[in-house]
Amino acid sequence: MRFVRQALAIAAKDLRAEMRTKEAWNASLAFALVILLLFSFAFEPTAEQTREIAGGLLWLVFAFAGALILNRSFARELPNDCLDALVASPVAPAALYLGKALASFLLLTAVELVALPVFGVFYNVRWTAQFWPLMLVLVLGTWALTVIGTIFSALTVNLRLRELMLPTLVYPLLVPGLMAAMQLMTPLVVGQPLGPELYDWLKLLAGFDIIFTALSLALVETVLVG
Amino acid sequence: MTALSCEGVWKFFGDFPALRQVSFELPPGACLALLGRNGAGKTTLLRILAGLSRPARGRVRILGTDARHETTRRRIGVLGHGIGLYDELSAFENLRLFASLYGAVDPAGTALAWLQRTGLEAVKDGLAREFSRGMRQRLALARVFLHEPSVLLLDEPFTALDDRAIAILQALLAEARTRGATIVLSTHQLREALELATHALLLVRGRTAYFGERTPEMAADPAWLYRHYGES
Amino acid sequence: MREKILVGLAGLAGLLLVRNLYVMLLELPDEAAQGAIYRIIFFHVPAAWTAFVCFFVALVASVLYLLRKNLRYDAVAVSATEVGLAFGAVNLVTGMIWARIIWGIWWTWDARLTSMLVCWLLYAGYLMLRRAVEDPTLRARFAAVFSIFAFVDVPIVWFSIKWWRTQHPGPVVWGGGSMDPAMYQMLFLNWVPVLLLGAVLTLLRMRLEETQRAVEALRQFR
């Protein structure tokens with residue numbers, strides 16, 4: 001119970017600070033919209049073409065936009081040595097990690113929920129037709145991004161070239177999760193239901209989330225205190 | 001009965017030993033002046049005591065348990081080089097956050113009480129970013145003391161403070177000592193520290209050059225310790 | 001002592017390699033469908049196995065480092081990872097040469113080739129991470145954490161990419177592949193010297209790493 005309260009306090013703190021500056025939010029959203037626009041030059045955005053690459057395109061946008069949010073996650077703790085104050089406090093490192101992951105997850109989901117309708121308009125797809133399955137995939141995929149991104153945000157926060165290190169380390173690790181999310185998203189976002197042949201991908205994505213959430217929770221104290 | 005103890009603590013950065021075989025024990029209510037030149041290992045030792053880093057070898061015990069134990073951390077107050085406050089949160093929000101993290105029953109009430117004590121209640125909704133240096137320091141002191149810690153770990157507490165903050169710190173330290181709190185403070189301000197201290201620990205290149213009770217000659221002549229035990 | 005072990009292992013690897021090359025080139029016939037080029041498999045496949053043995057050794061060393069905090073384990077981890085990357089590169093390059101001759105293309109998004117590439121990029125990240133951390137103790141800790149994440153990811157990468165597509169000639173071992181017993185035997189026989197070579201390189205790299213750390217420590221004393 002105390003664990004949950006601490007995690008929520010951390011998440012609320014991160015979101016409140018973010019709402020004051022909107023640094024990560026503005027950068028991430030602007031970046032997502034620009035990439036969506038740029039992609040339309042890379043290929044002919046006809047219905048046919050879009051149908052084939054929609055999932056991949058969207059998750060690339062989300063992954064790029066996510067890196068900006070996740071970079072800020074622990075970087076926020078650097079001024080005034082706030083991270084030391086938190087680690088020295090009675091907060092369990094796992095609660096600290098989950099709180100920060102939750103805040104980044106909500107921020108990224110919000111960016112995605114703005115990007116999706118824009119995508120629908122630009123590329124003329126009926127993305128709302130499979131709304132709830134789509135949301136499920138969105139949540140699972142975004143959690144995969146944030147769960148790995150947050151632990152590596154903690155790991156890279158004091159490094160040289162932090163902004164570059166995070167995506168370099170995180171994207172290869174994310175390959176299976178992103179691949180599953182792309183496979184699942186492709187039919188859903190153009191309004192087609194999930195075929196049974198895709199259930200394995202859904203399981204893979206959920207498994208990916210569970211495995212890396214558990215691993216991150218197990219190793220976060222080592223990363224923060226050592 | 002010991003409040004805080006180090007037994008043969010080593011810390012390495014690579015193969016470089018930053019702390020070598022540091023051992024000492026403090027009874028409850030003691031106040032330790034942690035002395036040494038820059039790079040002697042004062043901050044490294046304080047970070048280990050605060051649970052921010054683990055010793056490579058040796059053992060640290062605070063109030064009978066490991067420094068990383070949750071119940072122990074609940075009773076420690078740490079002031080490092082940074083103030084440990086969020087620039088984008090208001091003074092009240094900062095203190096309420098830490099009060100709730102330290103398990104206060106009424107975080108908002110605790111935050112308000114401490115804003116009053118540090119003379120910041122008039123600006124409680126101002127963002128920490130907009131505060132003057134002195135106000136930020138007072139807010140940092142409120143963060144460190146708001147859970148009434150039994151062990152205080154202060155790294156160079158007097159160095160950056162203005163007069164008003166020093167007065168508040170001295171009042172808070174005096175109050176903590178009447179409560180029986182154990183204090184460790186590292187400092188360059190020898191006179192202030194040695195007046196306050198009951199014990200002194202001098203680190204030279206990561207080694208304990210001197211540990212013992214503070215004697216009257218130390219208080220009378222702050223350079224005494226360095227002359228007798230420091231490097232020539 | 002360590003010197004002698006190194007020379008002994010290297011000598012053994014060399015002898016076995018010469019013997020295997022002799023059998024490969026002069027005794028084994030060309031493969032019916034592929035001709036002479038099939039022999040690349042005797043290095044292609046053992047290189048991949050050796051790479052994964054190296055990554056596994058790096059995982060074990062990383063876990064041991066986190067448990068014991070002895071920098072010797074960190075030296076094992078970084079050495080094994082670098083050697084694993086070298087063998088991974090051998091696997092990728094030999095695979096590409098083979099693909100160019102048999103399939104007529106340098107690269108194909110075949111499942112195994114792609115998986116190896118992803119794993120290679122993962123572990124290349126390990127080396128990049130190390131470069132970005134200056135304090136050796138912190139570097140060892142962060143690298144160990146990353147190594148654990150990478151190794152947990154490896155099987156997931158292989159599964160997912162296998163589902164994604166497959167164009168590879170049926171896996172030679174534990175699969176539907178059919179191969180002449182003599183050739184099949186050679187695959188394992190040649191793994192021995194390749195693995196020995198991997199061990200020798202890892203030990204050499206370890207020595208370098210420990211010397212480097214000693215130099216860094218001396219520099220700190222000024």
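A: Two residues are in contact if their C-beta atoms, placed from the backbone, lie within 7 Å. The model is predicted, so local features need pLDDT of at least 70 and side-chain atom pairs count only at pLDDT 80 or more, while totals for chains, interfaces and linings use all residues. Residues are numbered from 1 along each chain as its sequence is written, and chains are lettered from A and ligands numbered from 1 in the order in which they are written.

Q: Which residues does L195(C) touch, not counting residues up to four places away in sequence?

A: L195(C) touches T50(C) and V53(C). Its C-alpha atom is separated by 8.1 Å from that of A47(C), which is 148 residues apart along the chain.

Q: In which helix is L195(C) placed?

A: Helices (H or I, at least four residues) are DSSP runs, numbered from the N terminus. L195(C) is in helix α6 of chain C, residues 181-221.

Q: Why does L195(C) count as partly exposed?

A: A residue is buried with 20 or more other C-beta atoms within 10 Å of its own, exposed with 12 or fewer, and partly exposed in between. L195(C) counts as partly exposed because it has 18 C-beta neighbours inside 10 Å.

Q: How many residues of chain C and of chain B take part in their contact?

A: Nine residues come from chain C and six from chain B. On the chain C side, α5 (136-164) and α6 each give two or more residues; the largest share, five residues, comes from α6(C).
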